[in-house]
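Q: Could you pick one part of this model and walk me through it up close? I'd like to see how its residues sit, and then how the rest of the chain is laid out.

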Amino acid sequence: MDTDHVDGRGGAALDELIARLQADAALVAAAVSGAPSTGADQEAWVARAAACQRVLNAVTGAQDAVIVRSACIEWQLSESTGELIQVHRGIGYAALDAPDILAPALGASHAQAARRVTRAVRIAGDGPAHPTGLSGLQAAMVQG
């Protein structure tokens, strides 16, 4: 995936951010599993559940954007060289093999991955080439 635009350092910066997010999520899970709970704490636990949901929404919005960028890349046979080349079809396009390529990465079946790609393209694939009118929803998700 081409991520050279991420803070000028390339895809490595995006990969570092994802690794930090994953580590922080593990720390949160460990802290929760060791925390006591009493009836008096319900309001605090509900507030934490809401905060976790905002994080999930933001991560889902980010994942939608990543899926859309993966799904619009298609392999094509070059007529001039006879080699397989990657062709970028534009944000909002979904290659037919996108669910098959993404399913193992998502830990999902083909059908689940197909639904995920369709949803991501509908929400995060809004643009001049493929208008969906849902860019506001994508922005809200990324904000949590």
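A: Let's go for the hairpin of β1 and β2: six residues lie between its strands, and Gly 82 takes a positive phi near 75° there. Before we go on, this is a predicted model, where local features need pLDDT of at least 70 and side-chain atom pairs count only at pLDDT 80 or more, while totals for chains, interfaces and linings use all residues. Residues are numbered from 1 along each chain as its sequence is written, and side-chain values use heavy atoms, leaving out hydrogens and water.

Strand β1 covers residues 73–77 and strand β2 residues 84–88; the two pair in the antiparallel sense over five bridges. (Strands are DSSP runs of E with at least two residues, helices are runs of H or I with at least four, and both are numbered from the N terminus; pairing takes at least two DSSP bridges between two strands.)

Is Glu 74 buried or exposed? With a relative accessible area of 16%, Glu 74 is buried (buried is under 20%, exposed over 50%, partly exposed in between, with a 1.4 Å probe and protein chains only). Its side chain makes a polar contact of 2.7 Å with the side chain of Arg 89, and another, of 2.9 Å, joins the side chains of Glu 74 and Tyr 93. (A polar contact is a pair of N or O atoms within 3.5 Å; within protein, one must be able to donate a hydrogen and the other to accept it, and residues adjacent in sequence count only if both atoms are side-chain atoms.) Setting aside residues up to four places away in sequence, Glu 74 touches Ile 85, Gln 86, Val 87, Arg 89, Tyr 93, Ala 95 and Leu 96 (contact means heavy atoms within 4.5 Å).

Leu 77 is also in strand β1, but Leu 77 counts as exposed, at 54% relative accessibility. Together with Trp 75, Leu 84 and Ile 101, Leu 77 forms a nonpolar surface patch with about 440 Å² of accessible area. (Patch members have over 30% relative accessible area and no salt bridge; like charges are joined within 9 Å, and nonpolar side chains, meaning Val, Leu, Ile, Met, Phe, Trp and Tyr, within 5 Å.)

Now zoom out. The chain has five helices and two strands, running α-α-β-β-α-α-α from the N terminus on. Helix α2 spans residues 42–71 and holds Asp 64, which counts as buried, at 0% relative accessibility. Beyond four places in sequence, Asp 64 is in contact with Arg 116, Arg 119, Ala 120, Ile 123, Ala 124, Gln 138 and Met 141.

Trp 45 is in helix α2 too, and is partly exposed, at 23% relative accessibility. Its contacts outside four places in sequence are Val 32, Ala 35, Pro 36 and Ser 37. The C-alpha atoms of Trp 45 and Val 32 are 9.8 Å apart.

As for the whole chain, 22% of its 144 residues count as buried. Among contacts between residues at least 6 apart in sequence, 41% join residues at least 24 apart.

Definitions and conventions
Areas by Shrake-Rupley, 256 points an atom, 1.4 Å probe, with all protein chains shown as cover. Salt bridge = Lys/Arg side-chain N within 4 Å of Asp/Glu carboxyl O.
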